[in-house]
Amino acid sequence: MSQTVEMTPARARNRIRPRWWAELALVAFTYALYSLIRNLIPTETGAAIRRAARLFDLERAWHLAPEAALNAAVSSHHAIAIAFDYHYATMHYVVTPAVLIWMLVSVPEHYRHARRILIVATILGLIGFWLAPLAPPRMLDADGFVDTMAKFAGYGWWSHDASAPRGLGGLTNEYAAMPSLHVGWALWCGWMIARYSQRTWVRVLGILYPITTVIVVLATANHFFLDVVGGVGVILLAVPIVVVGERFFGRLADARSAPFLPSQRRASPDVHSDQDKFQSA
C-alpha cells in the first residue's frame, strides 16, 4: 500500500523554480543597497586606525598574526603579488554571482535557502562595518606592511584606493575590514560548490577557493587574521538565523494558506447527523 506524503503549501512553494529575472533583479538590488550602505558608514579614520593597531597587538599577543610574514613574502615577488592583487580585486565580483546563477539553473530547489544565507551574512557584515570601522593592515605604516595593490596599481584596473576602479576611489569605504566579506562570500561559494557539484574536480576547486582567498586577503595586507575569523563567523551565524526564519515564516504561510480545512472536516459529520435526525423524524 503506497503512502502519500502531504506537502505543505510552504514546501510546495520552495519546489517552484525561481524566476531568473526576478532573482537577478533581487541580487542586483541587494548588492547595490549593500554598496550604498557600506559607503555611507562613517569612516572615523583616527578611531579605525587605532582600533586596527589594537587588534594587531592582540593578534601578536595570541601568536595569531600570519599576515605580516605573508605580506613580506608576497610583496617582494612582483608576479605573485600582481596575481594576488587580481584575485582580491576581481574574484569576488565574478565567482559569487557565477555560483548564484549556477545554483539557480542546476539546483533550484536549494537556491533560495543558499541565497538567504548569503544575504543574511552580508547584512551581518554591514552591521559589523557600522559598529566598528576598522582600518586594514596596509594602513599601519609603522608595522612594515606593504600595500601591494597600491604598489602594483599600474598593472591592474584598480586604483590606489583598495580595489576600487580608477577614478572611483572616493566611492569606497576603506575602513570596512571587519569582518572580511571577501572570505565570507568565498566560504559560501566553496560550500555550495562542494556540496552540490557532481564533479569531483569542481568540488576540489570549491574547497580551494576560500583557502586561496584567505591567503590573498592576508598577503595583500587588506585584512587581519581576526577579520578572516569574522568572515567565517558571519556565515556560521547566518545559517541558524535562516533556518529559524524559514521554519517560522513557513508555518505562518501554511496557516494562512489553509485556514478553513480543519473546520470543514469537523463540520461535515455534524451536517450528516442532523440530516439523519430530520429524516428519522
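Proline 179 is found in the loop between helix H7 (148–151) and H8, where helices (H or I, at least four residues) are DSSP runs numbered from the N terminus. The peptide bond that leads from methionine 178 to proline 179 is cis, with omega near 0°. This is a predicted model, in which local features need pLDDT of at least 70 and side-chain atom pairs count only at pLDDT 80 or more, while totals for chains, interfaces and linings use all residues. Residues are numbered from 1 along each chain as its sequence is written, and side-chain values use heavy atoms, with hydrogens and water left out.

**Backbone**

- Histidine 63 has a positive phi of about 60° although it is not a glycine, and its place is in the loop between helix H3 (45–61) and helix H4 (67–75).
- As background, most residues other than glycine have a negative phi, and most peptide bonds are trans.

**Helix H6 with helix H8**

- Helix H6 (residues 108–131) and helix H8 (residues 181–196) pack at an angle of about 165°, with their axes 10 Å apart; axes are lines fitted to C-alpha atoms, for helices over the stretch in contact, and angles run from 0 to 180 degrees between N-to-C directions.
- H6 and H8 are therefore roughly antiparallel to each other, given that angles under 35 degrees count as roughly parallel, over 145 as roughly antiparallel, 65 to 115 as roughly perpendicular and the rest as oblique.
- The crossing of H6 and H8 is right-handed, a term used if the near helix is turned clockwise from the far one by less than a right angle, whereas anticlockwise is left-handed.
- The contact (heavy atoms within 4.5 Å) involves residues of H6 including His110, Arg115 and Phe129, and residues of H8 including Leu181, Trp185 and Tyr196.
- The residues of this contact divide into 11 nonpolar, 3 polar and 1 charged, where Ala, Val, Leu, Ile, Met, Phe, Trp, Tyr, Cys and Pro count as nonpolar, Asp, Glu, Lys and Arg as charged, and the others, Gly among them, as polar.

**Helix H5 with helix H9**

- H5 and H9 pack at an angle of about 135°, with their axes 9 Å apart, and the two helices are therefore oblique to each other.
- The crossing of H5 and H9 is left-handed.
- On the H5 side the contact is made by Phe84, His87, Tyr88, Met91, His92 and Val95, and on the H9 side by residues including Tyr209, Thr212 and Thr213.
- By class, the contact of H5 with H9 has 9 nonpolar, 4 polar and no charged residues.

**The cavity**

- A search of the whole structure finds 1 cavity of 30 Å³ or more, a cavity being a set of points on a 1 Å grid over the protein atoms alone where a 1.4 Å probe fits but cannot get out.
- The largest cavity has a volume of about 30 Å³, the volume being the space filled by probe spheres set on the points, which are joined across faces, edges and corners.
- The lining of the largest cavity (residues with an atom within 4 Å of a point) consists of His87, Tyr88, Met91, His92, His182, Tyr209 and Thr213.
- Helix H5 (78–106) and helix H9 (200–219) each supply at least two residues of this lining, and H5 gives the most, with 4 residues.

Conventions:
On a 1 Å grid over the protein atoms alone, a cavity is a set of points where a 1.4 Å probe fits but cannot get out, and a pocket is an open set with protein on both sides within 12 Å along at least five of seven lines; lining residues have an atom within 4 Å of a point.
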